[in-house]
Amino acid sequence: MKIIVPKTNGNFDWDTQVNYQISVADKEDGDSKYEEINGMEVLLEVKYAGSKTKLPATVKAVPDAPGLAVIRTSNCFNCHSFNSKLIGPSFHDIGVKYPVTAANIDLLTKRIKEGSAGIWGKVSMPTHPELTTEEAASTVKWILKQANDPNVSYYTGTEGSFRTRPAGTEKKGAYILTASYTDHGPKSAPGKQRLQGRDVVILQSK
Ligand code: HEC
């Protein structure tokens with residue numbers, strides 16, 4: 001797993017588009033070079049860190065938050081992206097529409113499990129009976145919490161771009177980009193012993 005572009009310890013300009021490119025090679029699943037990896041399963045976390053944040057010196061293998069782990073292994077990213085509308089509304093828009101309340105968490109958990117229609121448009125969301133109530137609720141909590149964090153966003157795919165924030169009162173800042181991919185486990189036991197690869201790139205403001 002490697003972030004090829006941008007290079008680590010590079011610089012970024014405020015309010016500018018940054019292109020990224022990630023390569024994935026997994027013993028069992030194959031190589032993104034040969035299009036053997038489903039780009040939807042490659043996730044890039046883009047986190048803004050103010051000048052006072054201590055930047056990580058090494059790549060730490062932190063497991064995904066419970067809700068994100070379910071989202072990645074389910075089919076959610078086929079229809080939802082974090083920042084823009086796909087077949088379904090973006091997770092960001094969902095977070096804007098639903099404040100974090102117990103009632104909203106219950107409502108959305110039920111809609112993920114039982115399907116949803118007529119709220120956002122003409123296309124409906126299929127049911128997810130394979131998820132337990134706890135799993136579905138964990139996805140809702142993750143979506144609503146992350147959507148409310150202005151310093152973090154997520155992108156799927158082995159390439160794409162994001163926009164840096166406009167220069168604020170802080171003159172210095174950094175972005176921490178973390179790419180990750182969870183493999184499908186050994187052929188003999190698909191879905192079991194899944195391993196996650198990660199790579200981190202840090203960009204500093206000029
Ligand atoms: C086949 C496409 C598809 C898949 C797969 C899918 N969704 Fe959706 N999702 C949609 C569409 C379309 C809507 C809007 C439905 C509507 O207007 O009621 C939606 C709506 C939602 C909403 C908002 C519901 C509301 O009442 O406002 C949430 C939350 C959500 N999806 C989460 C998820 C999660 C989590 C997963 C994975 C477990 C997932 N979706 C998988 C298409 C999908």
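A contact means that two residues have heavy atoms within 4.5 Å. This model is predicted: local features need pLDDT of at least 70, side-chain atom pairs count only at pLDDT 80 or more, and totals for chains, interfaces and linings use all residues. Residues are numbered from 1 along each chain as its sequence is written, and side-chain values use heavy atoms, with hydrogens and water left out.

View 1. Take the contacts with a separation of 6 or more: 67% of them join residues 24 or more positions apart. Of the 206 residues, 42% count as buried (under 20% relative accessible area, with a 1.4 Å probe and protein chains only). The accessible surface comes to about 11800 Å² (Shrake-Rupley method, 1.4 Å probe). Carbon and sulfur atoms hold 54% of that surface.

**View 2. Helices and strands of the chain.** The chain has 4 helices and 10 strands. These are DSSP runs numbered from the N terminus: helices are H or I with at least four residues, strands are E with at least two. From the N terminus on, the order is β-β-β-β-β-β-α-α-α-α-β-β-β-β. The radius of gyration is 18 Å, close to the 17 Å that the globule rule gives for 206 residues, so the chain is as compact as a globular protein of that length. That radius is taken over C-alpha atoms, and the rule is 2.2 Å times the number of residues to the power 0.38. Along the principal axes, the C-alpha atoms fill a box of roughly 50 × 45 × 30 Å.

**View 3. The largest pocket.** A pocket is an open set of points on a 1 Å grid over the protein atoms alone, with protein on both sides within 12 Å along at least five of seven lines. Its lining residues have an atom within 4 Å of a point. About 610 Å³ of space lies in the largest pocket. Of its 34 lining residues, His80, Gly88, Pro89, Ile94 and Met125 are the closest to its centre. Helix 2 (91-97), helix 3 (102-114) and helix 4 (133-147) each supply at least two lining residues. Helix 4 gives the largest share, 4 residues. By class, the lining has 19 nonpolar, 11 polar and 4 charged residues.

**View 4. The largest cavity.** In a cavity, a 1.4 Å probe fits but cannot get out. A search of the whole structure finds 1 cavity of 30 Å³ or more. The largest cavity has a volume of about 40 Å³. Glu41, Arg72, Thr182 and Arg194 line the largest cavity. This lining has no nonpolar, 1 polar and 3 charged residues.

Methods:
Grid points are joined across faces, edges and corners, and a volume is the space filled by probe spheres set on the points. Ala, Val, Leu, Ile, Met, Phe, Trp, Tyr, Cys and Pro count as nonpolar, Asp, Glu, Lys and Arg as charged, and the others, Gly among them, as polar. Buried means under 20% relative accessible area, exposed over 50%, partly exposed in between (1.4 Å probe, protein chains only).
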